[in-house]
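Please read the numbered points below with the structure open beside you, and check each point as you go.

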Amino acid sequence: MAVLRVGSVALAAVVVSLLMLAGLASAGSGAEVRTVVSGLDNPRDLAFSPSGRLYVAEAGHGGSECVTGGEEGTACFGFTSGISQIDLRQGTAHRVVDGLASVADQDGSAATGVDGISFRHDGRLLGILTGASDAIPPGLSADTTAKLTAQLGRLIGVTPPDGTVDVLADVGHADWVWSSEHTDLVPGQFPDANPYGVLAGKKATWVVDAGANTIDRIDSAGAVTIAAFVPNPPASDAVPTCIDRGPDGALYVGELTGAGNQPGASTVWRFTPKDGKLTQWATGLTAVTGCGFAPDGRFYATEFSTLGLDNAAPGTGAVVRVREGDTAPEDVVTGLNFPGGFAAADDGSLYVSNWSVAPAAAPQSGEVVRIQVRRGHHHD
């Protein structure tokens, strides 16, 4: 299923009015929050380079070619997605990769594009574009169809600072084929593919697919292997959105969960590549869109809305700290607006993309916030 589809008819007016009132999140006594950059176009995942530079994936706002009748109603296609480098001192961002595929509602909200990014140890930046070439609808121009076919679902490699892009694997197609062969796992929704989160490793790259609900392994030759299927929650499907490697070497995966799930239905999964074992590590989360470990080994997750996906509204997003076995993760920051990606700096500060879903009527309203967690706030 597609991810981050919230009611967009009234969203434009809500976003514009709230931006004018511009209140910041509630951090309580345990954290300090400040905006470090604004003017982003539906910002999603965040990643630090080996040299300490922060990058952000921007899903864009779709484009001018629209088609009707699909699963999500009217969808508009364009090439407004990209990847930007953030200058934390100046509070600015500039695109290092532009012109990537973007699909959104008519108002430019609920966009998908390049949604996940991760750095390899050698400094190469990897990005994953959501979707699959198999699902491009008819009715688009030949030029747009050709460009989408070449981009959707692709794992790309980017060489900073010039932004040279290479296609490394067609993850979306592999997941679409796999899900078409396993339609019994999510009846009525498969085949589907929305590769969404990416983690670069030394020997392989890992991708979580929010449509196929899989954990994928991509080798150095670009071959895609389905390593695990993430089980369905009480309603709909898991919709895994983020992945990180823990201090123990295992992979940790957060999930959004599909429509119909109540708050608290999201799980953090632990996956061990050596034996292919997938286990529940923590429960009680809600609508997770980003996750990862800080340098001190603590695990954090961003919650798109603590009310759940069906009732998502501005001011209901959060960042939570999660421990093994948790059934009620600890709030670090509340009152965020549709938060998306997560990254932790070497100094322990946390960075989260805010307004990760916004319409074109509130142009480039996306931002990145810095969360400084004070020592002694957490009790282990």
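How many disulfides does the count come to by this rule, in which a disulfide is a pair of cysteine sulfur atoms within 2.5 Å? The count comes to 2 disulfides.

This is a predicted model, in which local features need pLDDT of at least 70 and side-chain atom pairs count only at pLDDT 80 or more, while totals for chains, interfaces and linings use all residues. Residues are numbered from 1 along each chain as its sequence is written, and side-chain values use heavy atoms, with hydrogens and water left out.

1. Cysteine 66 and cysteine 76 form a disulfide with their sulfur atoms 2.0 Å apart. Cysteine 66 lies in strand S4 (residues 65-70) and cysteine 76 in strand S5 (residues 73-87), so the bond ties together parts that are 10 residues apart in sequence; strands (E, at least two residues) are DSSP runs, numbered from the N terminus. The torsion about the S-S bond is about 105 degrees, so this disulfide is right-handed. Cysteine 66 is partly exposed, at a relative accessible area of 36%, whereas cysteine 76 is buried, at 2%; here buried means under 20% relative accessible area, exposed over 50%, and partly exposed in between (1.4 Å probe, protein chains only).

2. Cysteine 242 and cysteine 291 form a disulfide with their sulfur atoms 2.2 Å apart. This pair links distant parts of the chain, with cysteine 242 in strand S15 (residues 240-245) and cysteine 291 in strand S19 (residues 288-293), 49 residues apart. Both cysteine 242 and cysteine 291 are buried. When the bonded cysteines of the chain are numbered in sequence order, the pairing is 1-2, 3-4.

3. The largest nonpolar core has 23 residues, and among those that touch the most other members are Tyr55, Phe77 and Val114; such a core is a set of buried Ala, Val, Leu, Ile, Met, Phe, Trp, Tyr and Cys residues joined through side-chain atoms within 4.5 Å. The elements that give two or more residues to this core include strand S3 (54-58), strand S6 (92-104) and strand S7 (114-119), and the largest share, 5 residues, comes from S6. A second, separate core of 15 residues includes Ala31, Tyr300, Val319 and Val333. In soluble globular proteins, nonpolar side chains tend to be buried together.

4. A search of the whole structure finds 11 salt bridges, a salt bridge being a side-chain nitrogen of Lys or Arg within 4 Å of a carboxyl oxygen of Asp or Glu. One of them joins glutamate 58 and arginine 95, whose closest N and O atoms are 3.0 Å apart. Glutamate 58 is in strand S3 and arginine 95 in strand S6, 37 residues apart. Glutamate 58 is buried, at a relative accessible area of 3%, while arginine 95 is partly exposed, at 27%.

5. Glutamate 303, which is found in strand S20 (residues 299-303), deserves a careful look. Glutamate 303 is buried yet has no salt bridge, and the nearest side chain of opposite charge, arginine 323, is 12 Å away; Lys and Arg count as positive and Asp and Glu as negative, with His and the chain ends not counted. A polar atom of the glutamate 303 side chain lies 3.0 Å from the backbone nitrogen of threonine 286.

Key: Helices (H or I, at least four residues) and strands (E, at least two) are DSSP runs, numbered from the N terminus. A polar contact is a pair of N or O atoms within 3.5 Å; within protein, one must be able to donate a hydrogen and the other to accept it, and residues adjacent in sequence count only if both atoms are side-chain atoms. A disulfide is a pair of cysteine sulfur atoms within 2.5 Å.
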